[in-house]
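Here is a brief report on one chain.

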Amino acid sequence: MAAALLCLPVLLGFLAGLGETEAQEITLQASVGRIFVYRLNPDTFLQLPEHVAVPPGVPVTYHAHLQGHPDLPRWLRYTQRSPRHPGFLYGAPTPEDRGRQVIEVTAYNRGSFDTIRQRLLLLIEDPEGPLLPYQAEFLVRSHDVEEVLPSQPASRFLNALGGLWQPGELQLLNITSALDRGGRVPLPIEGRKEGVYIKVGSASPFSTCLKMVASPDSHARCAQGQPPLLSCYDTLAPHFRVDWCNVSLVDKSVPEPGDEVATPGDGILEHDPFFCPPTEAPDRDFLTDALVTLLVPLLVGLLLAALLAYVMCCRREGRRKRDLATSDLQMFHHCTIRGNTEELRQMAASREVPRPLSTLPMFNVRTGERHPPRVDLAQVPLILDQH
């Protein structure tokens, strides 16, 4: 009882630390087909006073979900390397996601067990500015996804890519981890990264260098283990190690044949002289086919069963046939040995022989004492148990 009373204040303090603090709602803008990145920092959730600095390395984990749903929408993803690193919400909304979406983020302070909530009001609208029909996707093997999501590395990548593209404004369209595209977790070796796919769009056409990298000849060289065709200087190296064998270009300025809207007709096919459909279908009797399909396997099975029964039951040799095939001399020896064995067994069972004197106790006539028989010293062990 005393121990329970001593633990009661500790339990009350622990429960008090689990209290939730409602944070204010934050409104964010997102554009359809453009990358959206929101960084989850511990200082925005801890809500410390102004004169108190945020402790370095506070372990904080986050859980984000769409309001009224257990998970995030399909276009939005969450990543965090460890509880001591910031988290990121990133993704590119689709035209079906236009409108208003509320994301609820819960932060868990692993040091003080505090739980803090925050609401993100996302207003998804159509993008402003010119269309970006020329889109290219690059696989960067020297970075992880959380290393490219901040604005500074993304701007550095766009500036380096500008040397390979026609003059014009480049914009990030999407960022995807290589693990989400079927990649494997690298070995724990220094310098090995997971990789990230970066999709960039522009209103300017592709340069000759990019077209040559994505050409079928370049892909054929990559399939044979040779370096791709890169006719210009790689301005992305050495900060970004791009896999030039995994570069894909999409030109949306030219409409695809499948995008044309089909005009509905009257539902009647045009007359074709080469197509002559049958006027009527004759009746067919499938009884013969059914009988053949059922009876033939049944008859084959019965024949095999009869053959197996004949081999197992009618082809046995038997004892009489075996004895007839054996020579008379061998049979005489066998019967003699068997008869002698039986006779010895009968004699051993019915014998009445007195016990040997060595097994009887010794009797002293004068004293009347009985002693056990003499023990052969050769059979006595040298070391006796002392139990």
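## Overall chain

Of the chain's 387 residues, 27% count as buried. The model is a predicted one. Its accessible surface comes to about 28900 Å². Carbon and sulfur atoms account for 58% of that surface.

The chain holds nine helices and 13 strands. Take the contacts between residues at least 6 apart in sequence: 69% of them join residues at least 24 apart.

Strands of a sheet pair through backbone hydrogen bonds, either parallel or antiparallel. Here, three strands form an open sheet, ordered β2-β5-β4, with antiparallel pairing. β2 (36–40) and β4 (76–80) are the edge strands, and each pairs on one side only. On average, neighbouring strands of this sheet are turned by 20 degrees against each other, direction ignored.

β2 pairs with β5 (residues 87–91) in the antiparallel sense, over five bridges. Tyr 38 has Leu 89 in β5 as its bridge partner.

## Asp 243

Where does Asp 243 lie? The residue sits in the loop between α6 (216–223) and β11 (248–251). Is Asp 243 buried or exposed? Its relative accessible area is 16%, so Asp 243 is buried; the cut-off for buried is under 20%.

The side chain of Asp 243 makes a polar contact with the side chain of Asn 246, at 2.4 Å. Setting aside neighbours within four places in sequence, Asp 243 is in contact with Leu 139 and Arg 141.

How values were computed. Residues are numbered from 1 along each chain as its sequence is written. This is a predicted model: local features need pLDDT of at least 70, side-chain atom pairs count only at pLDDT 80 or more; totals for chains, interfaces and linings use all residues. Side-chain values use heavy atoms; hydrogens and water are left out. Helices (H or I, at least four residues) and strands (E, at least two) are DSSP runs, numbered from the N terminus. Buried means under 20% relative accessible area, exposed over 50%, partly exposed in between (1.4 Å probe, protein chains only). A polar contact is a pair of N or O atoms within 3.5 Å; within protein, one must be able to donate a hydrogen and the other to accept it, and residues adjacent in sequence count only if both atoms are side-chain atoms. Contact means heavy atoms within 4.5 Å. Accessible areas come from the Shrake-Rupley method with a 1.4 Å probe; for residues, only the protein chains shown count as cover. Two strands pair if DSSP finds at least two bridges between them. Axes are lines fitted to C-alpha atoms, for helices over the stretch in contact, and angles run from 0 to 180 degrees between N-to-C directions.
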